[in-house]
Amino acid sequence: MERYHDLNELIADGGATCKLCGQKMLRADGCTWPGVYSRGVYYKRIRYGEEEFSWPDEHCPDCGAKLGHFHHINCDVEECPICGGQLIGCDCGLEYTDDAEPPIS
Ligand SMILES: [Zn+2]
Ligand SMILES: [Zn+2]
Ligand SMILES: [Zn+2]
């Protein structure tokens, strides 16, 4: 955890506020936004613990989401449901959405 010089302060304050769900990242169990859109197509987000790479911690090391919950915005750990890469670094053009999965017509 060398990235934050003020990590202890950040934790004491509950962490950064997630712009998606409005919760303090380190106080919430996880994010409430279930999906992403890419070019008009809906994809379910990958929850913490469902990544290809299994993380040893009960909480996401980046955004603090608990196992089985969604990551918060711009989490380093969240996997892209399309390419399997890092969601914030891939080229799939994903946008977060709180829409439920659209019904299959
Ligand atoms: Zn969130
Ligand atoms: Zn995360
Ligand atoms: Zn991708």
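## A residue pair in the sheet

Tyr-37 stands opposite Glu-95 in E3, where strands are DSSP runs of E with at least two residues, helices are runs of H or I with at least four residues, and both are numbered from the N terminus. On its other pairing, Tyr-37 has Tyr-42 in E2 as its bridge partner. This is a predicted model, in which local features need pLDDT of at least 70 and side-chain atom pairs count only at pLDDT 80 or more, whereas totals for chains, interfaces and linings use all residues. Residues are numbered from 1 along each chain as its sequence is written, while chains are lettered from A and ligands numbered from 1 in the order in which they are written.

## Strand E3 and Tyr-96

In a regular strand the side chains alternate between the two faces of the sheet. Strand E3 has a covered face with Leu-94 and Tyr-96, and an uncovered face with Glu-95 and Thr-97. Tyr-96 is buried, because 20 other C-beta atoms lie within 10 Å; a residue counts as buried with 20 or more such atoms within 10 Å of its own C-beta, as exposed with 12 or fewer, and as partly exposed in between, with C-beta atoms placed from the backbone.

Apart from its neighbours within four places in sequence, Tyr-96 is in contact with Leu-20, Trp-33, Val-36 and Ile-73, a contact meaning that the C-beta atoms of two residues, placed from the backbone, lie within 7 Å. The C-alpha atoms of Tyr-96 and Gly-30, which are 66 residues apart along the chain, are separated by 14 Å.

## Two nonpolar cores

The largest nonpolar core has ten residues, among them Cys-18, Met-25, Cys-31, Tyr-48 and Phe-70; such a core is a set of buried Ala, Val, Leu, Ile, Met, Phe, Trp, Tyr and Cys residues joined through C-beta atoms within 7 Å. A second, separate core of five residues includes Val-36, Cys-80, Leu-87 and Tyr-96. Leaving aside its neighbours within four places in sequence, Cys-31 is in contact with residues including Cys-18, Ala-65, His-69 and Phe-70.

## A residue in the loop

Trp-55 lies in the loop between E2 and E3, and Trp-55 is partly exposed, because 14 other C-beta atoms lie within 10 Å. Beyond its neighbours within four places in sequence, Trp-55 is in contact with Pro-61 and Val-77.

## The chain as a whole

The protein chain contains one helix and three strands, and along the sequence they follow the pattern α-β-β-β. The radius of gyration of the chain is 14 Å, close to the 13 Å that the globule rule gives for 105 residues, so the chain is as compact as a globular protein of that length; this radius is taken over C-alpha atoms, and the globule rule is 2.2 Å times the number of residues to the power 0.38. Buried residues make up 22% of the 105 residues.

Note on methods. Two strands pair if DSSP finds at least two bridges between them.
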